[in-house]
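Here is a walk through one protein chain and its ligand. Keep the sequence and the model side by side as you read.

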Amino acid sequence: MKLSEITKVYGNGSLQVPVLHGIDLSVEDGEFIAIMGPSGSGKSTLMNIIGFLDYPTAGTFELNGENISSAKEKQLALLRNKHIGFVFQQFFLLPRLNALKNVEAPLIYAGVPKRERTERAIQMLEKVGLGDRMKHLPNQLSGGQKQRVAIARALVNNPTLILADEPTGALDSKTSAQIMELLVQLNQEGKTVIIVTHEEEIADYTDRIINLKDGKIIDDRRTRP
Ligand SMILES: Nc1ncnc2c1ncn2[C@@H]1O[C@H](COP(=O)(O)OP(=O)(O)O)[C@@H](O)[C@H]1O
Ligand SMILES: [Mg+2]
């Protein structure tokens, strides 16, 4: 994907809050990227734009060589469901549904029949090491287990891109390392992974670190050849 001169301004009239200023960013398939920067620097806003959860105010967005800057919400929703898996710091699991049902949920929206939904959800929970916790409710799981369920849910539509906004922000360092190893594995299997993090140790798992400050990219470096 290629973002060119992306800007984002929240609000309107006299209450305009400029948040992103001319972001230029190219991401190749299979990259593993960390976006870093102080609180309020625009990391989540940029992730939301990359994931079509939010529109830029100006600038262009190319996906697979096609300019989709003026695509309508319906087309973006299709692209999002087909290509992107989201993971958040707060997990956002549905509290009354067990792990299996949480992972199945995106497949209901995608219209996948019941039996296939269950099979795919079981497969993903096994992949993240939770084959023995499928009937547990979120409040019966540890933070790390909850994030694994959230990652299984993000994977169940077989996305090409995983966007994770501070996925280890609510976890202790040992659990964080396990979650990062899972993301490394997914990247090695071919997924493009972009994470937002505050922590240098977390960013060290990735191949490229982008630093944002006041809505601008101030540094963009590869940490591995
Ligand atoms: N919906 C919104 N309306 C107005 N301002 C917003 C909105 N979302 C974020 N902001 C502002 O944009 C700036 C960047 O926010 P954000 O992208 O969440 O930063 P980060 O993730 O780096 O902490 C902040 O000053 C924040 O207050
Ligand atoms: Mg944020």
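Asn158 counts as exposed, with 11 C-beta neighbours inside 10 Å. The scale works on C-beta atoms placed from the backbone: 20 or more others within 10 Å make a residue buried, 12 or fewer make it exposed, and anything in between is partly exposed. Asn158 sits in the loop that runs from helix H5 (143-155) to strand E7 (161-165). Its phi is positive, about 55°, although Asn158 is not a glycine.

This is a predicted model, in which local features need pLDDT of at least 70, side-chain atom pairs count only at pLDDT 80 or more, and totals for chains, interfaces and linings use all residues. Residues are numbered from 1 along each chain as its sequence is written, while chains are lettered from A and ligands numbered from 1 in the order in which they are written.

Phe92 also has a positive phi, near 50°, in a residue other than glycine. Look for Phe92 in the loop between strand E6 (84-88) and helix H3 (99-109). Phe92 is partly exposed, with 13 other C-beta atoms within 10 Å.

Now the whole chain. It holds 7 helices and 10 strands; these are DSSP runs numbered from the N terminus, helices being H or I of at least four residues and strands E of at least two. The radius of gyration is 18 Å, close to the 17 Å of the globule rule for 225 residues, so the chain is as compact as a globular protein of that length. That radius is taken over C-alpha atoms, and the rule is 2.2 Å times the number of residues to the power 0.38. Along the principal axes, the C-alpha atoms fill a box of roughly 50 × 40 × 35 Å. Of the 225 residues, 37% count as buried. Among contacts between residues at least 6 apart in sequence, 67% join residues at least 24 apart; a contact means C-beta atoms, placed from the backbone, within 7 Å.

Over residues 1-225 the chain is 34% helix and 27% strand, with the end C-alpha atoms 20 Å apart.

Which residues surround ligand 1? They are Tyr10, Gly11, Val17, Val19, Gly37, Ser39, Gly40, Ser41, Gly42, Lys43, Ser44 and Thr45. Each has its C-beta atom, placed from the backbone, within 6 Å of the ligand. Strand E2 (17-26) and helix H1 (43-50) each supply at least two residues of this shell. H1 gives the most, with 3 residues. By class, the shell has 3 nonpolar, 8 polar and 1 charged residues. Here Ala, Val, Leu, Ile, Met, Phe, Trp, Tyr, Cys and Pro count as nonpolar, Asp, Glu, Lys and Arg as charged, and the others, Gly among them, as polar.

How values were computed: Two residues are in contact if their C-beta atoms, placed from the backbone, lie within 7 Å.
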